[in-house]
Amino acid sequence: DVSQVPVLAGLKLYGQTINAIRYGSWETMSVAGAEITVPGSSTGPVIYASSSGITEAHSILVDVGISFDAVNADNTAVETNRGLYMRNVYVENANDIVSTADGDTLSGNQTGWRHVREYATSPPGGERLKNVFYEIPSFIDGVRQTADYVDLGEDDENPPADLLSRNLYNENTFPSWDTEGAINIKLPPYSAKGDFITDDTEAIQKAIDDGHETIFFPKGAYGVTETIRLGPDTKLIGVARHLAMIIAKDDAGGDFTKVANPQPVIESADDSNGTAMMAYLGIYNPQNVPGSYNFNWRTGRNSIIRNINNIHEISKGTSVIISHHPMMVFSGNGGGKVYGQYRIDKQRAQSDDYRVMKIHGTREPLTFYQFNIEGQGNRYIEVEFNDVQNVTTFSFKDEAVQQMYLI
């Protein structure tokens, strides 16, 4: 049982005798990296995606391997009445890789592997909702497609060894409070208070500058008046994203006093080979500190952002302070994997220059697993991709009149 707009990354399902994945919500489901095996007693469908609602309920399968143990003329990998996109999918011993509601099929290799390099099919017909007729066709280079798109590899081509792991971090080596060499920022010699009253900038920055790779943040509100600058391999790990908060403070001698020149609360090193991480933390910009934004991420493909709360406080009463800068920025060598992207800035006043996120000038691989930016009420642009390459999003969700802007 998963929520709307689910992203399943690094899924292992062995010995499935009924549907391994059964999905019927309104939103799109994405599977990024999966190994599924089916015993001889089952013929599938291994993945069943069906919805009687509006045509949003599509499925995306990337880097997926599905193997039937036994040869059977009824073996079916995927059955759907909605849109389906597949890339780099391997299916073994299947009669049908895909079976759709309008009777179309994508044939498999009944006695071996078949590699689907890329495949796209649209749902049959369309649907009317509130006097709007919805169709979800495929487009290639701006040209509307009237037929399914099919690009198959060679038969009997085995899945690569990293089919699953390429979308994962290593859970066994992911840092935590008890990782060897990790320090607790509240303990001597750094002794951060985490009470929001105290300025903890010096304690946090000194721990980083002293070369500690993993820094653990217990429950607390860590007030900072200057940008925290990470080293190439710095890892900031909190106890939970709602319990360990790094909060911008407005101080006359600090970095966050100029609305026209806002500075990030956290800035990572501009390093393509770095392994920097942030996980289980909140980054909080109060409404009365308009000269701050959440982060500028500049570390490359080996970096990770995981379960971070990004908060801009709601403007209150008559004291409305307008945001002129993106809330989250990826620039320079910014890349890596971002899991569970979450932001809260509902109803904050914004200028035309505001973005929830801006990604500009990056070339390093950058992948978002679950990309939900809805709900802040901005009538301008939500996300801007400017002069970027190698950016992948698994599941994008927004509502109302917001836009995603590509340059």
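Which residue of β7 does Ser67 stand opposite? That would be Glu92, and the views below start from there. This is a predicted model, with local features kept at pLDDT of at least 70, side-chain atom pairs at pLDDT 80 or more, and totals for chains, interfaces and linings using all residues. Numbering runs from 1 along each chain as its sequence is written, and side-chain values use heavy atoms, leaving out hydrogens and water.

**View A. Strands β5 and β7 side by side.** Here β5 (residues 59–68) and β7 (residues 84–92) run parallel, joined by 8 bridges. Strands are DSSP E runs of at least two residues, and helices are H or I runs of at least four, numbered from the N terminus; two strands pair if DSSP finds at least two bridges between them.

**View B. The open sheet around that pair.** Its 6 strands go β1-β3-β5-β7-β10-β15, with mixed pairing. At the edges sit β1 (7–13) and β15 (149–152), each pairing on one side only.

**View C. The largest nonpolar core.** It holds 44 residues, and Ile185, Phe217, Ile266, Phe295 and Phe330 have the most contacts inside it. A core here means buried (under 20% relative accessible area, 1.4 Å probe, protein chains only) Ala, Val, Leu, Ile, Met, Phe, Trp, Tyr and Cys residues joined through side-chain atoms within 4.5 Å.

**View D. Around Phe330.** Beyond neighbours within four places in sequence, its contacts (heavy atoms within 4.5 Å) include Phe295, Trp297, Ile305, Met357 and Phe368.

Note on methods:
Buried means under 20% relative accessible area, exposed over 50%, partly exposed in between (1.4 Å probe, protein chains only).
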